[in-house]
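Hi everyone, thanks for coming. Please have a look at the picture I am putting up, and then we will walk through it together.

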Amino acid sequence: MKLNRLLEITTILLNKKTVTAAELAERFGVSTRTIYRDIDALSASGVPVFCSQGSGGGISILEDYTVNRTMLSGSERDSVLLALQTLEATRFPEINILLEKLGGIFKSPDSDWISVDFSPWGSNPNSQNKFSDIKAAILQSRIIEVGYINAYNEKSRRKIEPLRLIFKSQAWYLWGFCLAKQEYRTFRISRIKSVSVTNETFDRSKPHVSANGEEKIKQERCPWIRLTLEFSGDALYRLCDDFDDDILTDNGDGTFKIEISLPEEEWLYGYILSFGTSVKVLAPAYIKKIIKERAEKIAGMY
């Protein structure tokens, strides 16, 4: 807590010419004596902080001081900015503010050397502040109640012990213990339509299974199936985007075959159909039938 306060005090001083101890004490909910101890700690660590008396006086920092000159090398500074800009691309809330602050701290004219954007169109995980609410619930070990729509368009209300936010394949997921199902589950944030943080708490220190590895994450009861798909050559660019080379087989006649296990849900049918005439389902037979029926229904609409 103290380290975070020292870092924030440094940021405030870098963005303001002068601030009083009383203002800092009110902001952080501590005494002015604590603020002066913090200033002494900053000074001892090499941050050029000084106090001035009289009208307009207060706590200041040398105008030419920048964090990267005393704490980070140029390459380390660029690595920090790259990591934050990558996280910004996931539309993680609050990152824009942090990037703006660090840009002022580093005083770097070339901090915009990279731009990262891989978030899907129309995706906003923090609509209605649900992302921020979930994050707060995780940190405070509070149970949340959510309105959720699963892969089968079934609406439900769940109470969840939230444990971790996971970003995977251009989407945010919540991993936690579903009290209704008495199981650890993952929930796609975009399918959580409402979040209410309750006053109920849970023991975050109790043993729980790891969220690493799909075999240890029970999703919303979507069965996984083994698919064999054949693609024409004009879809190769998409295959390179979506799949590893080691599962891509060149048939030698301009077509490519893929064998892969995927969760069977509405997304899967739409994904296959998105390739249009560039894909053929070879197996399983019932998926071929589903895709054929849907293609015929689409054609019938026109």
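Let me begin with a term we will need: a residue is called buried when its relative accessible area is under 20%, exposed when it is over 50%, and partly exposed in between, using a 1.4 Å probe and counting protein chains only. By that rule Cys-240, at 47% relative accessibility, is partly exposed. Cys-51 is partly exposed too, with a relative accessible area of 42%.

Before we go on, a word on where this comes from. This is a predicted model, in which local features need pLDDT of at least 70 and side-chain atom pairs count only at pLDDT 80 or more, while totals for chains, interfaces and linings use all residues. Residues are numbered from 1 along each chain as its sequence is written, and side-chain values use heavy atoms, leaving out hydrogens and water.

Since I mentioned cysteines, how many disulfides does a search of the whole structure find? The search finds zero. A disulfide is a covalent bond between the sulfur atoms of two cysteines, and the search looks for a pair of cysteine sulfur atoms within 2.5 Å.

Now the overall picture. The chain has 10 helices and 12 strands. Those are DSSP runs numbered from the N terminus, where a helix is H or I with at least four residues and a strand is E with at least two. Of the 302 residues in the chain, 38% are buried. The chain exposes about 18,100 Å², and carbon and sulfur atoms supply 51% of that; the areas come from the Shrake-Rupley method with a 1.4 Å probe, and for residues only the protein chains shown count as cover. Next, contacts, meaning heavy atoms within 4.5 Å. Among contacts between residues at least 6 apart in sequence, 60% join residues at least 24 apart.

Let us zoom in on one helix. In α2, residues 21-28, the buried residues are Ala-21, Leu-24 and Ala-25. They sit on the same side of α2, because they cover an arc of only 100° around the axis; the arc is that of the directions from the helix axis to the C-beta atoms.

On to charged pairs. A salt bridge here is a side-chain nitrogen of Lys or Arg within 4 Å of a carboxyl oxygen of Asp or Glu, and the whole structure has five of them. One of them joins Arg-157 and Glu-145, whose closest N and O atoms are 3.2 Å apart. Arg-157 lies in strand β5 (residues 155-168) and Glu-145 in strand β4 (residues 142-149), so this pair ties together parts that are 12 residues apart in sequence. Another pairs Arg-185 with Glu-183, at 3.0 Å between the closest N and O atoms, and both of these residues are buried. Glu-259 and Lys-257 form a salt bridge as well, with 3.9 Å between the closest N and O atoms. Glu-259 is partly exposed at 37% relative accessibility, and Lys-257 is partly exposed at 28%.

Next, Thr-255. Is this residue buried or exposed? At 16% relative accessibility, Thr-255 counts as buried. Thr-255 belongs to strand β11, residues 255-263. Its side chain makes a polar contact of 2.9 Å with the side chain of Asn-251, and another of 2.5 Å with that of Asp-253. A polar contact is a pair of N or O atoms within 3.5 Å; within protein, one must be able to donate a hydrogen and the other to accept it, and residues adjacent in sequence count only if both atoms are side-chain atoms. Beyond its neighbours within four places in sequence, Thr-255 touches residues including Phe-231 and Thr-249.

Asp-234 sits in the loop between β9 (224-232) and α8 (236-242), and is exposed at 53% relative accessible area. Its side chain makes polar contacts with the side chains of Ser-232, at 2.5 Å, and Ser-278, at 3.0 Å.

Finally, some backbone details. Most residues other than glycine have a negative phi, and most peptide bonds are trans. Ser-141, in the loop between α7 (130-140) and β4, has a positive phi of about 55°. Gln-182, in the loop between β6 (171-178) and β7 (183-188), has a positive phi near 55°. And a cis peptide bond, with omega about 0°, joins Ala-283 and Pro-284.
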